[in-house]
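This briefing is for a reader who has not seen the structure before. Please look at the sequence and the model first.

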Amino acid sequence: MKKYDICCIGHITLDKIVTPKHTVYMPGGTSFYFAHGISSLDPSNFLLVTSLAESEMKAVDDIRAKGVDVKVLPSAKSVYFENTYGENQNNRTQRVLAKADPFTVEGLKDVEAKIFHLGSLLADDFSLDVVKHLAGKGLLSVDAQGYLREVRGEKVYAVDWNDKLEALKYITVLKANEHESEKLTGESDPYKSARILADWGVKEVLLTLGSEGSLIYADGKFHEIPAYIPAEVIDATGCGDTYMTGFLYMRNKGASFEEAGRFAAAMCTIKLGASGPFSAGEPAVRAILDGSK
């Protein structure tokens, strides 16, 4: 069994994206944005593990066509999200019209990687057993968003992460936005929130703050990462996932927290300017970084 540098695990979703100007139907989810983003950087040592219904397999075929290895775990249904944005892209309301089967230790037992990134979309996607299992095989990175979303009927409710104090001990990298970090810690100040998460066991805390940039707290130090101004804001869907793609891609190459964060932020700026996943490649990211010096 090949051991990959980075493995992203998460459901590919069917997304209905409603903005004041358009309604678009497209695949989505952390795993979708991560796989497409890394395919335009370097997919040679990356594995996507996803779970979806047979009806959505075209999304997997498209990713494989970009040179990405994909392991598919069968599911009776795919996750179906409806995301509605206001004029301010930071404001989103959400409904879940279908759910896929959760990931299991059994389904992931033959997957090997140096870095695992869990793209949680809903609270029951990854059990504590799965977290412990993967942390025993490699560095574990987690997007907090799904752990804080519970579906009742079709509505999505903000909830606290049930097992957080146990799970966070196993997590090296945790990504959350300012609302998620406040939900987790009860602290609205991102600096205080980051320190609390570190006290609970997270080694690298990444807080994305929308147009305010992002904050990385690791080894007892804060790194303030600026947001680069996009030429136009078209679609914010997948920005957090794009950030994690750039960050983990660069950290795997040995980049510093500051360097990885800036690269990730520049990727987000490009992604904001178009619907769909990041596809511009590394030279476009470097151009933004060079232009900001």
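The model is predicted: local features need pLDDT of at least 70, side-chain atom pairs count only at pLDDT 80 or more, and totals for chains, interfaces and linings use all residues. Residues are numbered from 1 along each chain as its sequence is written, and side-chain values use heavy atoms, leaving out hydrogens and water.

**Sheet and helix**

- Nine strands form an open sheet with mixed pairing, in the order E5-E4-E1-E8-E9-E12-E13-E14-E15.
- Strand E5 (69–74) and E15 are the edge strands, and each pairs on one side only.
- From one strand to the next, the twist averages 15°.
- Helices (H or I, at least four residues) and strands (E, at least two) are DSSP runs, numbered from the N terminus.
- Two strands pair if DSSP finds at least two bridges between them.
- Strand E13 (residues 204–208) pairs with E14 in the antiparallel sense over five bridges, and Thr208 has Ser214 in E14 as its bridge partner.
- Helix H8 (residues 239–252) lies across several strands, including strand E1 (3–9), strand E8 (112–119) and E13, and runs at about 145° to E13.
- Axes are lines fitted to C-alpha atoms, for helices over the stretch in contact, and angles run from 0 to 180 degrees between N-to-C directions.

**Cysteines**

- The whole structure has zero disulfides, a disulfide being a pair of cysteine sulfur atoms within 2.5 Å.
- The closest cysteine sulfur to that of Cys7 is in Cys8, at 7.2 Å, which is too far for a bond.
- For Cys239, the closest cysteine sulfur is in Cys268, at 4.8 Å, also too far for a bond.
- Cys7 is buried, with a relative accessible area of 0%, and Cys239 counts as buried at 14%.
- Buried means under 20% relative accessible area, exposed over 50%, and partly exposed in between (1.4 Å probe, protein chains only).

**Two residues**

- Asn83 sits in strand E6 (residues 79–85) and is buried, with a relative accessible area of 2%.
- Leaving out residues up to four places away in sequence, Asn83 touches Asp15, Lys16, Ile17, Val18, Arg92, Thr93, Gln94 and Thr237; contact means heavy atoms within 4.5 Å.
- Asp219 lies in the loop between strand E14 (214–218) and strand E15 (221–225) and is exposed, with a relative accessible area of 68%.
- Asp219 touches Lys203 and Phe257, not counting residues up to four places away in sequence.
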